[in-house]
Amino acid sequence: MSAQLRVTHCPVNTAGIPWANVQALRAKGVDARLVVFNRYRLHPEADLDLERHGGLLRQQATQLRAFARLAPGTDVFHFYFGLTLLPKKLQFPLLRLLRKPCVMHFLGSDIRGRPPEELAWARQAGAVIVGSYDAIRWVPNAYVVPPGIDVAAVDPRPPRVDRRPVVLHAPSSRSRKGTAEVIAACEQLGLELDLVEGLDHREAFERYRNADLVVDQLNAGWYGMFAIEAMALGKPVVAFLHEQAAQRTKDAFGVDVPIVHATKQSLPDVLRRLTSSPDDMWRIGAESRAYVEQVHDLSRIADRLIDLYAALR
């Protein structure tokens, strides 16, 4: 079945997650492609860029032409970030008419904090996906498919013990990630802080390699691709986590979430404890790599998606 399955992922490449999924599905024999409205600067990967420009009518005409071209060669449409290829009022009825199943894949900030009635439209999709057991509280009946990474392609770079620790923080938004508190904690402790902002993904990833300890976020309650990549490198990661989501993740995957929990208030103490114990940093880094291999490996994620597609057809 999977060798003939044709899946169109669209219309954005947020955090590189759609492109990673497409690559993993291709490795399993699925005919998968990524179509985007416009290429992102940080994650420009896509098979087809619609180069959508101009006013609303011109944009929608571009989208309609793309859908007419893509639909005959697509068995399943996989949408991301609360967006569809056509306006939602047209997209879902048209897919039902054509008997084309679809998936809506939320990525976190597109649903966080929104009341259920604002997300009720997503029930028109054949299935709804969220990336964590934290996000499922916003869409209770969703499937949990964690973001994936090609773990084998990432060489571990565990913390170095022959130098003063380098703390790294890479905020997409300083206010949402608690950057002010990260800066203050590092200044208080006299720690070197590498603040990574505004770089494309390849440049940023090279900076991640050089870090000894990573601070993700202190507000959201869960982690994203930045923390996953850091864990794949064998780095200990500090973040604010919701306890119930961490427990549900452990129950589902049979492994503890190795991220070190911290709040804005406790961050200085957490950093002091970790940086004064190289053995703990090494141990947590190794546990982090093993966790990502079990929970976030792209091959496992592709298998989950293929099973979901099969259930929709």
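In which loop does Pro 11 lie?

Modeller: This is a predicted model. Pro 11 is in the loop that runs between strand S1 (6-10) and H1. The peptide bond leading from Cys 10 into Pro 11 is cis, and its omega is near 0°. Ala 15 also has its place in the loop between S1 and H1. Although Ala 15 is not a glycine, its phi is positive, at about 60°. Most residues other than glycine have a negative phi, and most peptide bonds are trans. With a relative accessible area of 34%, Ala 15 is partly exposed.

H1 (residues 17-27) and helix H11 (residues 298-312) have axes that come within 9 Å and cross at roughly 80°. H1 is therefore roughly perpendicular to H11. On the H1 side, the contact is made by Ala 20, Asn 21, Ala 24 and Leu 25. Their partners in H11 are Leu 298, Ile 301, Ala 302, Leu 305, Ile 306 and Tyr 309. Sorted by type, the residues of this contact of H1 with H11 are 9 nonpolar, 1 polar and no charged.

Next, strand S2. Asp 31 is found in S2, which spans residues 31-36. Its relative accessibility is 37%, so Asp 31 counts as partly exposed. Leaving aside residues up to four places away in sequence, Asp 31 touches Leu 5, Arg 6 and Val 7. Between the C-alpha atoms of Asp 31 and Ile 228 there are 26 Å, and along the chain these two are 197 residues apart.

Phe 81 is not a glycine, yet its phi is positive at about 60°. A relative accessible area of 26% makes Phe 81 partly exposed.

H3 itself covers residues 88-98, and Gln 91, Phe 92 and Leu 95 are buried in it. These three span an arc of only 85° around the axis, so they sit on the same side of H3. Lys 89 and Leu 97, on the other side of H3, are exposed. The cover over the buried residues of H3 includes helix H2 (56-70), strand S4 (76-80) and strand S5 (102-105). Just after H3, Arg 99 takes a positive phi of about 60°.

Last, another helix pair. Helix H5 (residues 179-189) packs against helix H9 (residues 267-275) at an angle of about 50°, and their axes are 9 Å apart. H5 and H9 are therefore oblique to each other, and their crossing is right-handed. H5 contributes Glu 181, Val 182, Ala 185, Cys 186, Gln 188 and Leu 189 to the contact, while H9 contributes Leu 267, Pro 268, Leu 271 and Arg 272. The residues of the contact of H5 with H9 comprise 7 nonpolar, 1 polar and 2 charged.

Note on methods: Residues are numbered from 1 along each chain as its sequence is written. This is a predicted model: local features need pLDDT of at least 70, side-chain atom pairs count only at pLDDT 80 or more; totals for chains, interfaces and linings use all residues. Side-chain values use heavy atoms; hydrogens and water are left out. Axes are lines fitted to C-alpha atoms, for helices over the stretch in contact, and angles run from 0 to 180 degrees between N-to-C directions. Helices (H or I, at least four residues) and strands (E, at least two) are DSSP runs, numbered from the N terminus. Angles under 35 degrees count as roughly parallel, over 145 as roughly antiparallel, 65 to 115 as roughly perpendicular and the rest as oblique. A crossing is left-handed if the near helix is turned anticlockwise from the far one by less than a right angle, and right-handed if clockwise. Contact means heavy atoms within 4.5 Å. Ala, Val, Leu, Ile, Met, Phe, Trp, Tyr, Cys and Pro count as nonpolar, Asp, Glu, Lys and Arg as charged, and the others, Gly among them, as polar. Buried means under 20% relative accessible area, exposed over 50%, partly exposed in between (1.4 Å probe, protein chains only). The arc is that of the directions from the helix axis to the C-beta atoms.
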